[in-house]
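Please look over the structure shown here. The text that follows goes through its salt bridges and some of its strands.

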Amino acid sequence: MIRGLYISAAGMLPQDMEQEVAANNLANINTTGYKKDAVHFKRLLDERLSLDSLHGGESDVSNSEETLINFSQGELQPTDVKTDLAIDGDGFFSIETPDGVRFTRDGNFTLNEENQLVTKSGNPVLGESGPIQLFDGDFEVKQNGDIFQNGNLVDRLSIVTFPRPLPLKKAGEGLFELTVPSIHPQESEHFTVQQGFLEGSNVNAISEMVKMITIDKSFQAGQKAIQAQNETLGKLINQTARY
């Protein structure tokens with residue numbers, strides 16, 4: 001009976017994480033270049049792991065699930081802003097930050113006072129020659145990432161990719177960092193750059209809402225199971241006490 005209570009409770013714990021992830025995805029549905037997260041269960045049936053955790057053992061029930069990033073393409077949305085860039089296909093923009101080079105699909109760039117192409121946070125966008133330095137006047141970004149100004153090639157965007165599964169984790173502000181520092185980025189070949197476009201998030205509002213409803217129902221079922229077992233246990237104790 002006690003074991004049944006523990007199992008029911010252990011089954012409810014990962015649902016908290018799923019609910020949190022789904023809510024965060026919905027909160028970022030309008031965030032440029034946002035990639036949704038998904039919870040994957042590694043050892044859902046490892047009952048022992050959950051029981052050990054609930055009994056105060058060394059096993060950690062949080063290890064029974066893992067949050068992975070879904071890097072699928074988001075929809076490209078026109079903005080007609082020259083400094084807005086979107087990648088259609090494989091690859092990431094390279095960004096110079098105080099913590100090292102980071103990567104992003106968020107091409108909501110701008111020009112700083114020195115005419116450098118930078119992110120909204122002011123971090124320089126990298127080309128093959130380093131931070132991209134422009135001059136006064138119009139500029140054009142070709143689909144292969146070449147940047148022309150006044151008919152002259154200024155630089156080419158550094159658009160890189162990695163071996164699958166992508167060794168990246170979220171680093172805040174739409175940036176990703178390597179989870180394995182020894183892996184070196186490779187030049188991406190399967191993409192086009194769209195100037196005057198931004199990539200929307202890859203969150204599907206309907207799917208996430210359905211997921212939250214399903215999780216909520218599962219959680220309620222777990223609560224009812226615990227309540228039923230608790231009531232049965234109470235009756236058993238009372239009946240035993242009479243003898």
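Glu-208 is buried, at a relative accessible area of 2%; buried means under 20% relative accessible area, exposed over 50%, and partly exposed in between, with a 1.4 Å probe and protein chains only. This is a predicted model, in which local features need pLDDT of at least 70, side-chain atom pairs count only at pLDDT 80 or more, and totals for chains, interfaces and linings use all residues. Residues are numbered from 1 along each chain as its sequence is written, and side-chain values use heavy atoms, with hydrogens and water left out.

The side chain of Glu-208 forms a salt bridge with that of Lys-211, at 3.7 Å from N to O. A salt bridge here is a side-chain nitrogen of Lys or Arg within 4 Å of a carboxyl oxygen of Asp or Glu. Both residues belong to helix α3 (residues 205-241) and are three residues apart, so about one helical turn separates them. Helices (H or I, at least four residues) and strands (E, at least two) are DSSP runs, numbered from the N terminus. Lys-211 is partly exposed, with 31% relative accessibility.

How many salt bridges are found in the whole structure? The search finds nine. One of them joins the side chains of Lys-82 and Asp-138, at 3.8 Å from N to O. Lys-82 sits in the loop between β3 (76-78) and β4 (85-89), and Asp-138 in the loop between β10 (130-131) and β11 (140-141), so this pair ties together parts that are 56 residues apart in sequence. Lys-82 is partly exposed, at 41% relative accessible area.

Another salt bridge connects the side chains of Arg-156 and Asp-146, at 2.6 Å from N to O. Arg-156 is in strand β13 (residues 152-156) and Asp-146 in strand β12 (residues 146-149), 10 residues apart. Arg-156 is partly exposed at 26% relative accessibility, whereas Asp-146 is buried at 11%.

The strands themselves also pair, which requires that DSSP finds at least two bridges between them. β12 and β13 are antiparallel and share four bridges; the bridge partner of Asp-146 in β13 is Arg-156. The two strands form a hairpin with two residues between them, and Asn-150 in the turn has a positive phi of about 55 degrees.

β12 is also joined to β11, in the antiparallel sense, by two bridges. Here Ile-147 of β12 is the bridge partner of Val-141. This hairpin has four residues between its strands, and Gly-145 in the turn has a positive phi of about 95 degrees.
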